[in-house]
Amino acid sequence: MSVDTTILVTGGTGTLGRHVLPLLRQAAPGRRVRVLSRGERPDADGITYVTGDLMTGEHVAAAMAGVDTVLHLAGGAKGDDVVATHLVEAAREAGVRHIVHISVIGADRMPMAWFATQRAAEEVITGSGIPWTLLRAAQFHDLVHTMVSKMAKLPLVPAPGMRLEPVDARDVAQRLVELTLGAPAGLVAELAGPTVYTMDDVVRRYLGATGRRRPVLGMRMPGKVGRAYRDGVNLAQSAQAVHGDRTWEAFLAERAA
């Protein structure tokens, strides 16, 4: 990649994007960084913000003009396959030479609608004809924290029979910056946290870190989804998987501080 190229980041204002942008600017000071946002934002810290709506496709082509590499972080509860389609259409028109896409471990295996949507988005990217890099990561500590904090408000905290391998968003951001500044690499090794926890572990460590006392009720998850979680389908599968450094306990300690 030449030093005068432009990198477009989608989802740059989200949980992951907030960690990616300063790392990207630090690692590639000679490259222009552009962030796609649905609302207008002033340029700051050497980053240009452009407006566009990936769900509808509005203004995305204009935002993509002159872009060499796209780092696609934008995601939501639904419609990520639609978003990927609009992204790819604009990227083809702009002559983009590399798309880096973040997905989730288990996208091709978990029998849940959201995971199926993630797999569909992957297929849009990998079938685009544009050189690509795809990283599947575990659930972020931030997402697990949001989920558990809501559960902990109940008088009896449920702990479904499942295991998690949460990863810190900063570890994911560092890996994505490396991939973005490198050549297209296809499907790369999965990235997960350093430790596998049961949900009971996750809940009890959260309660301890926040000084709360609640009874915890273990429960069995039924059906295909429960079986998939018991089989560890959502965990890193490959011996080549990469593991981050920051644990759930370290994340909780930082939040408490």
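**Strand pairing, cores and a helix contact**

Thr10 stands opposite Leu36 in strand 2, where strands (E, at least two residues) and helices (H or I, at least four) are DSSP runs numbered from the N terminus. The model is predicted, so local features need pLDDT of at least 70 and side-chain atom pairs count only at pLDDT 80 or more, while totals for chains, interfaces and linings use all residues. Residues are numbered from 1 along each chain as its sequence is written, and side-chain values use heavy atoms, with hydrogens and water left out.

**Strands**
- Strand 1 and strand 2 pair in the parallel sense over five bridges, a pair requiring at least two DSSP bridges.
- Five of the six residues of strand 2 are buried, that is, under 20% relative accessible area with a 1.4 Å probe and protein chains only.

**Nonpolar cores**
- The largest nonpolar core has 29 residues, and those with the most contacts inside it include Val9, Leu73 and Ile102; such a core is a set of buried Ala, Val, Leu, Ile, Met, Phe, Trp, Tyr and Cys residues joined through side-chain atoms within 4.5 Å.
- Helix 6 supplies the largest share of this core, six residues.
- Beyond its neighbours within four places in sequence, Ile102 is in contact (heavy atoms within 4.5 Å) with Leu16, His72, Leu73, Leu135, Ala137, Val172 and Leu176.

**Helix 5 and helix 7**
- Helix 5 (residues 141-151) and helix 7 (residues 199-210) pack at an angle of about 75°, with their axes 10 Å apart; axes are lines fitted to C-alpha atoms over the stretch in contact, and angles run from 0 to 180 degrees between N-to-C directions.
- The two helices, helix 5 and helix 7, are therefore roughly perpendicular to each other, a label for angles of 65 to 115 degrees.

Terms used. Buried < 20%, exposed > 50% of the residue type's maximum accessible area, 1.4 Å probe, protein only. Parallel < 35°, antiparallel > 145°, perpendicular 65-115°, else oblique.
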